[in-house]
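Visitor: Please show me around this structure, one piece at a time. I am new to it.

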Amino acid sequence: MAGEETVVRVERDAGGLAAMTLDSPPLNLFDARMFAGLLAGIEAVESDPPRALLIRAEGRAVSGGVNVAEFDGLTPERASELWDELIGAVERVEALPLPVVFAAHALTLTAAFELALGCDLILAARSAKFGLVEKVVGLTPSMGGTQRLAERAGSGRARELVMTGELFGAEQLEGWNVVNRVFDDEGFDEQARAFAAELAAGPTRAHAMTKLVLRRYREGGVAAADETIRSEAGELFATEDLQRAVKTFLEKGPGHAEFEGR
């Protein structure tokens, strides 16, 4: 993903945190290049998983949405193929065996908002605004945003966001359980990185199990999640992190364990 045409880059730090950055000024519009960059970034993370992933953006907006020129002349058949690819990208992000945090520092529209809804946690700057505004071109969100919004906020709120096409503030969406935490604009990027770094320093295998349990809950309700705990969560006792943390707890008390993701 090197070179002048790179619009999505993945950088890693020594603590196990990877940052995937959208950088296609001035508005980080989702076009063919951005989608290709996103897929390449996801593939890079899948092939060499970090301990946590932060998805962020440069510029005055996280994204102004999709470049509408991509829709000109699109046939129903090609649209169905494209939606399959795009929803597949979000599903791949959801399936990553590690915490995924989305940091929204400013305006976050359509595809970028839908990508955020596929992440584990959404952080937002106080002035950030979000919208699923596809109705302006006679479309409904097609990257999985509507249903993932309903999962967080309920179907009534999903209808409201999509059917009105209005913009909603970070604090309002925090109250609706869409955004997890709101930070001040000043220093937002540093706070988001510190938050994600703390997750990266945690028990990565346990976080992955948490995601699996919640995925099973989404697919089959409490009974399916319970079965996952019964049949798979016991594997955590074979991890070095759990074994070391138990010994540290018994010797020093809580809060002294250091995790390595193994």
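Guide: Welcome! Two strands pair if DSSP finds at least two bridges between them, and helices (H or I, at least four residues) and strands (E, at least two) are DSSP runs numbered from the N terminus. This is a predicted model, in which local features need pLDDT of at least 70, side-chain atom pairs count only at pLDDT 80 or more, and totals for chains, interfaces and linings use all residues. Residues are numbered from 1 along each chain as its sequence is written, and side-chain values use heavy atoms, leaving out hydrogens and water.

Visitor: What is the order of the strands in the open sheet of 6 strands?

Guide: This sheet is open and its pairing is mixed.

Visitor: How many residues lie between strand 1 and strand 2 in their hairpin?

Guide: Strand 1 (residues 8-12) pairs with strand 2 in the antiparallel sense over 5 bridges. E11 stands opposite A19 in strand 2, and R9 has T21 as its bridge partner there. In the turn, G16 has a positive phi of about 95 degrees. The number of residues between the two strands is 4.

Visitor: Is strand 2 largely enclosed or left open, and how many of its 6 residues are buried?

Guide: Buried means under 20% relative accessible area, exposed over 50% and partly exposed in between, with a 1.4 Å probe and protein chains only. L17, A19 and T21 point one way from strand 2, while A18, M20 and L22 point the other way, and all are buried. Strand 2 (residues 17-22) is therefore largely enclosed by the rest of the structure, with a buried count of 6 of the 6.

Visitor: In strand 3, which residue does A19 stand opposite?

Guide: Strand 2 and strand 3 (residues 52-57) run parallel, joined by 6 bridges. Within strand 3, the residue opposite A19 is L54.

Visitor: Which residue of strand 7 stands opposite V101?

Guide: V101 is on one side of strand 5 with A103, while V100, F102 and A104 are on the other, and all of them are buried. Strand 5 pairs in the parallel sense with strand 7 (residues 121-125) over 4 bridges. In strand 7, the residue facing V101 is L121.

Visitor: At roughly how many degrees do the axes of helix 1 and helix 2 cross?

Guide: Axes are lines fitted to C-alpha atoms, for helices over the stretch in contact, and angles run from 0 to 180 degrees between N-to-C directions. Helix 1 (residues 32-47) and helix 2 (residues 76-95) have axes that come within 10 Å of each other. Their crossing angle is roughly 30 degrees.

Visitor: Which residues of helix 2 do F35, L39, I42, E43 and E46 in helix 1 meet?

Guide: Contact means heavy atoms within 4.5 Å. On the side of helix 1, the residues are F35, L39, I42, E43 and E46. Their partners in helix 2 are L86, A89, R92 and V93.

Visitor: Which strands does helix 1 lie across?

Guide: Helix 1 runs at about 25 degrees to strand 1. The strands it lies across are strand 1, strand 2 and strand 3.

Visitor: In the open sheet of 4 strands, what is the strand order?

Guide: This sheet also has mixed pairing. In it, strand 8 (residues 129-131) and strand 9 pair in the antiparallel sense over 2 bridges, with F130 opposite F168. The order is 4-6-8-9.

Visitor: How far apart in space are G169 and A106, C-alpha to C-alpha?

Guide: G169 lies in strand 9 (residues 168-169). Not counting residues up to four places away in sequence, G169 touches A128 and K129. G169 and A106 are 63 residues apart in sequence, and their C-alpha distance in space is 9.9 Å.
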